[in-house]
Amino acid sequence: MTKLINLNVFKDFFQSSNAGGILLFICVILSMVLANTDFAVPLQHILDHPLGFENDSIHLRYPVLLWINDGLMAIFFLLVGLEIKREIVEGELSSPQKASLPILCAIGGAIVPALIYLSFNAGQETASGWGIPMATDIAFALAVISLLGNRIPSSLKIFLAALAIVDDLIAILVIAFFYSSGIEMTYLLYAGIGLVVLIVMNRMNILNPYLYLIPGIFIWYFVHHSGIHATIAGVLVAMTIPTNDTDVESPLERLEHALTKPVNFLIIPLFAFANTNITLESEMVAGLTSSLGLGISLGLLLGKPFGILLTSYLCTKLKISSLPEGSSWRHILGVGLLAGIGFTMSIFIAILSFGNPLHVSEAKLSILITSLLAGIVGYMALRSNKTYSN
């Protein structure tokens, strides 16, 4: 039987990511403007305002900012997990031949930036930020590449999307293993029981995806209190949602379709707005040329394209895989530069990396400036006179 892949969800995701990237940019600008006016203090008071409830048994009272970073971002990670699973089952990661190049390029594009960062920061208190330049912002990267239209082959857009999805998976694993606090085994056991419930539901062929979210909320609570970052719960829940490799819309695709626009148009812009309210100070500007700033900037702007180019070259020479159809080495360089747009995940890791607020602010500013440069240079590298029918 021929496998027919349902591409509607992927198309919806790609299209909404384009517009979402533009909204994301607007939120960043608005947040930074407000942070450098008289609205800075009231905005910070709103973000610090506690919400929720707690008693002797339940602890769910946190500042607004934490609800955004640990609560709403778990929904973002749920969507990322759904995308990863769908690509593994029926997309660009569904076979070794398809998956080899984006997977290996994502790994190469993560290792080289981390090594560059450590070369500047090893032995210093900022060394813990090595995970910051490893990440790619899929919404921004796809938004930029979409502006090129038929100036690039469609295979290159799919390659970038697959690479960014694997990149997200690497970032998730890095957060889980290196940026989580001490583990509380009791809560982790409760979360494991909840995960087993979801697996049993999958085996029982329960096809309503929203039924999986009820145990998922409890898993989020237990993971949050276990010491592992709460957003990982979103990925765990996503892996249990049923899917298929036919043209019939699966529960996973239904949930992904339902989440794509809220995530791209609400959650990610809100995260950006809440976490880029940076009040510019002279110390922060000087931090751009510090070991922290240079490690992030050079990691993203040079490490990403070099790691992806080098990995692509080795893969083609060793005949492990081939370049995307119709693409050239100039295209791969451009994709590598766009992968240097680290924004969302890089800022998220920066928040987890440092206890010093000044280091967090310096990291955010470096990420913002470098991501903007990576987007501009990547766009110019990919822009050419040749057009493709796609």
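User: Where does Lys319 lie?
Analyst: Lys319 is in the loop between helix H12 (291–317) and helix H13 (329–338). Keep in mind that this is a predicted model.

User: Got it. And is Lys319 buried or exposed?
Analyst: Lys319 counts as exposed, because its relative accessibility is 73%, and the cut-off for exposed is over 50%.

User: Nice. I also had Asn205 on my list; what is its phi near?
Analyst: Phi of Asn205 is near 60° too, again a positive value in a residue other than glycine.

User: Let's switch to helix packing. At roughly what angle do the axes of H13 and H15 cross?
Analyst: They cross at roughly 165°, and the axes come within 8 Å. H13 and H15 are therefore roughly antiparallel to each other, since an angle over 145 degrees counts that way.

User: Left-handed or right-handed?
Analyst: H13 passes H15 in a left-handed crossing.

User: Which residues make that contact?
Analyst: From H13 you have Arg330, His331, Gly334, Val335, Leu337 and Leu338. H15 brings in Ala374, Gly375, Val377, Gly378, Tyr379, Met380, Ala381 and Leu382. By class, the contact of H13 with H15 has nine nonpolar, four polar and one charged residues.

User: And H14 against H15, how do their axes cross?
Analyst: The axes of helix H14 (residues 343–353) and helix H15 (residues 357–382) cross at roughly 165° and come within 9 Å. That angle makes H14 roughly antiparallel to H15. Here, H14 passes H15 in a right-handed crossing.

User: Who is in that contact?
Analyst: H14 contributes Phe343, Ser346, Ile347, Ala350 and Ile351. On H15, the residues are Val360, Ala363, Lys364, Ile367, Leu368 and Ser371. Sorted by class, the contact of H14 with H15 has eight nonpolar, two polar and one charged.

User: Great. New topic: where is Thr136 found?
Analyst: Thr136 sits in the loop between helix H4 (96–121) and helix H5 (138–146).

User: Buried or exposed, that Thr136?
Analyst: Thr136 counts as buried, because its relative accessibility is 1% and anything under 20% falls in that class.

User: What lies 2.7 Å from a polar atom of the Thr136 side chain?
Analyst: That would be the backbone oxygen of Ala339.

User: Which residues does Thr136 touch, leaving out those up to four places away in sequence?
Analyst: With that exclusion, Thr136 touches Ala141, Ala164, Asp167, Asp168, Lys304, Leu338, Ala339, Ile341 and Gly342. Leu338 from that list also belongs to the H13 side of the contact with H15.

User: Last one: where is the place of Ile58?
Analyst: Ile58 is in the loop between strand S1 (50–54) and strand S2 (59–63). At 33% relative accessibility, Ile58 counts as partly exposed.

User: Which residues does Ile58 touch, not counting residues up to four places away in sequence?
Analyst: Ile58 touches Phe53 and Tyr221 on that basis.

Notes. Residues are numbered from 1 along each chain as its sequence is written. This is a predicted model: local features need pLDDT of at least 70, side-chain atom pairs count only at pLDDT 80 or more; totals for chains, interfaces and linings use all residues. Side-chain values use heavy atoms; hydrogens and water are left out. Helices (H or I, at least four residues) and strands (E, at least two) are DSSP runs, numbered from the N terminus. Buried means under 20% relative accessible area, exposed over 50%, partly exposed in between (1.4 Å probe, protein chains only). A polar contact is a pair of N or O atoms within 3.5 Å; within protein, one must be able to donate a hydrogen and the other to accept it, and residues adjacent in sequence count only if both atoms are side-chain atoms. Contact means heavy atoms within 4.5 Å. Axes are lines fitted to C-alpha atoms, for helices over the stretch in contact, and angles run from 0 to 180 degrees between N-to-C directions. Angles under 35 degrees count as roughly parallel, over 145 as roughly antiparallel, 65 to 115 as roughly perpendicular and the rest as oblique. A crossing is left-handed if the near helix is turned anticlockwise from the far one by less than a right angle, and right-handed if clockwise. Ala, Val, Leu, Ile, Met, Phe, Trp, Tyr, Cys and Pro count as nonpolar, Asp, Glu, Lys and Arg as charged, and the others, Gly among them, as polar.
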